[in-house]
Structures are given as C-alpha cells and as structure tokens.
Amino acid sequence: MTDTENIEKVKLLAPDLRNGKEFPRSPRAILGGFVLAARAVDKCRAVIAGTEGEYHSNCPLDQVWLKFAEVDYDDFKSFVATGATNEEVDEWIRSRSKKSRSEIIAWNNKQRDLHLSELPQQTQEYMEDYVAKYIPRNRVVYHWFDVYDIEEQRL
C-alpha cells in the first residue's frame with residue numbers, strides 16, 4: 001500500500017460519531033495486539049472523514065497505547081489516512097511496536113483491570129466530571145474502560 005491519502009476510502013471505513021447512534025469500538029477491543037488501538041483507529045478515521053462529532057483523535061486515551069506501543073501518532077494517522085483496512089492497520093501496528101507478546105499481554109490485562117482510583121491524578125479529576133456528566137447515577141463504574149462501555153451502551 002502506498003502512503004498516499006485516500007479520503008474517500010477512509011470515509012467508507014469511518015464510523016459516523018456525530019449522531020450518538022454509532023460509537024468507536026470498545027477500549028477492550030484488540031487491534032495490532034493492543035487494547036485501545038481499535039478505538040483509536042475508529043476515532044482517527046472519523047476525524048479524517050469529518051464525522052468525529054465530540055470525539056477526538058490523539059486524545060489522552062489514545063496516547064496511553066501509542067506511548068506504550070512506541071507508535072508515533074503522526075505516522076499512525078498518515079497510515080490510517082491511506083484508507084487502510086483493519087487488517088492492514090493491525091499488521092502496521094504489529095510491525096512498528098517494539099514490545100514483546102508477553103509485555104503486551106501484561107499491559108492489556110493491566111489496562112482492562114485498571115480502576116479509576118489507579119489513574120494519574122489529572123486523569124482522575126477529568127474522569128470525576130466525565131462520569132458525573134455521562135454515566136447514569138444508578139450505574140456503578142468498576143474499571144475505567146467501563147466508563148466508555150456504559151456511556152456507549154455496550155454495558
């Protein structure tokens with residue numbers, strides 16, 4: 001695949017996150033071996049296609065996996081902008097990550113199990129307001145991934 005942008009192909013792959021009926025994939029979804037990566041691809045495609053709504057690409061959530069995987073965001077976005085399929089993005093991530101399989105498995109499990117109280121202080125402050133705004137009062141949040149899955153009606 002060339003490194004040329006193909007916005008029309010990206011538009012075909014991008015979710016429309018503007019209407020509250022489509023959402024990026026769960027942070028639990030795996031792509032390239034990593035949790036968070038599939039969600040990052042969906043948001044990146046939506047930004048490129050202009051259908052991101054209130055979502056952002058390269059947000060702090062995306063940066064968690066980009067930093068751990070040692071993947072440069074600009075390179076990632078440029079590759080996604082070629083109209084790469086999920087399979088192609090999966091291969092691209094795997095070819096660039098410098099982490100071993102065991103490191104990735106341990107990191108994925110840690111992310112899946114992370115409680116809000118274990119997040120960095122600044123993220124906890126952000127999530128405190130976010131949870132109050134987007135999560136129904138009767139819903140209990142046990143893990144930080146739950147916030148997104150509850151808000152986006154997967155839990």
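Rings of Phe, Tyr and Trp, the last by its six-membered ring, pair if their centres lie within 6.5 Å. The structure above is a predicted model. By the pairing rule, the count comes to 13 aromatic pairs.

**Exercise 1. Classify the ring pair of Tyr 130 and Tyr 134, and say whether each residue is buried or exposed or partly exposed.**

Step 1. The ring centres of Tyr 130 and Tyr 134 are 4.6 Å apart. Their planes meet at 45 degrees, so this pair is tilted.

Step 2. Tyr 130 and Tyr 134 sit 4 residues apart in helix H7 (residues 121-134), so about one helical turn separates them.

Step 3. Tyr 130 has 13% relative accessibility, so it counts as buried. Tyr 134 has 28%, so it counts as partly exposed. Buried means under 20%, and exposed means over 50%.

**Exercise 2. Describe how helix H4 packs on helix H5.**

Step 1. Start with the geometry. H4 (residues 73-80) and H5 (residues 86-96) pack at about 155 degrees, with their axes 11 Å apart.

Step 2. Name the arrangement. H4 and H5 are therefore roughly antiparallel to each other. The cut-off for that term is over 145 degrees. H4 passes H5 in a right-handed crossing.

Step 3. List the contact. H4 brings Asp 75, Phe 76 and Phe 79, while H5 brings Glu 88, Val 89 and Trp 92.

Step 4. Sort by class. The contact of H4 with H5 has 4 nonpolar, no polar and 2 charged residues.

Step 5. Link back to the cluster. Phe 76, Phe 79 and Trp 92 are among its members.

**Exercise 3. Describe how helix H2 packs on H5.**

Step 1. H2 (residues 37-49) and H5 pack at about 120 degrees, with their axes 11 Å apart.

Step 2. That makes H2 oblique to H5. The crossing of H2 past H5 is right-handed.

Step 3. H2 contributes Ala 37, Val 41 and Arg 45 to the contact, and H5 contributes Asn 86, Val 89 and Ile 93.

Step 4. By class, the contact of H2 with H5 holds 4 nonpolar, 1 polar and 1 charged residues.

**Exercise 4. Describe how helix H3 packs on helix H6.**

Step 1. H3 and H6 (residues 101-113) pack at about 160 degrees, with their axes 12 Å apart.

Step 2. H3 is therefore roughly antiparallel to H6. H3 passes H6 in a right-handed crossing.

Step 3. Val 64, Trp 65 and Phe 68 of H3 meet Glu 103, Ile 104, Trp 107 and Gln 111 of H6.

Step 4. The contact of H3 with H6 divides into 5 nonpolar, 1 polar and 1 charged residues.

Conventions: Residues are numbered from 1 along each chain as its sequence is written. This is a predicted model: local features need pLDDT of at least 70, side-chain atom pairs count only at pLDDT 80 or more; totals for chains, interfaces and linings use all residues. Side-chain values use heavy atoms; hydrogens and water are left out. Axes are lines fitted to C-alpha atoms, for helices over the stretch in contact, and angles run from 0 to 180 degrees between N-to-C directions. Helices (H or I, at least four residues) and strands (E, at least two) are DSSP runs, numbered from the N terminus. Angles under 35 degrees count as roughly parallel, over 145 as roughly antiparallel, 65 to 115 as roughly perpendicular and the rest as oblique. A crossing is left-handed if the near helix is turned anticlockwise from the far one by less than a right angle, and right-handed if clockwise. Contact means heavy atoms within 4.5 Å. Ala, Val, Leu, Ile, Met, Phe, Trp, Tyr, Cys and Pro count as nonpolar, Asp, Glu, Lys and Arg as charged, and the others, Gly among them, as polar. Rings of Phe, Tyr and Trp (its six-membered ring) pair if their centres lie within 6.5 Å; planes under 30 degrees apart count as stacked, over 60 as edge-to-face and the rest as tilted. Buried means under 20% relative accessible area, exposed over 50%, partly exposed in between (1.4 Å probe, protein chains only).
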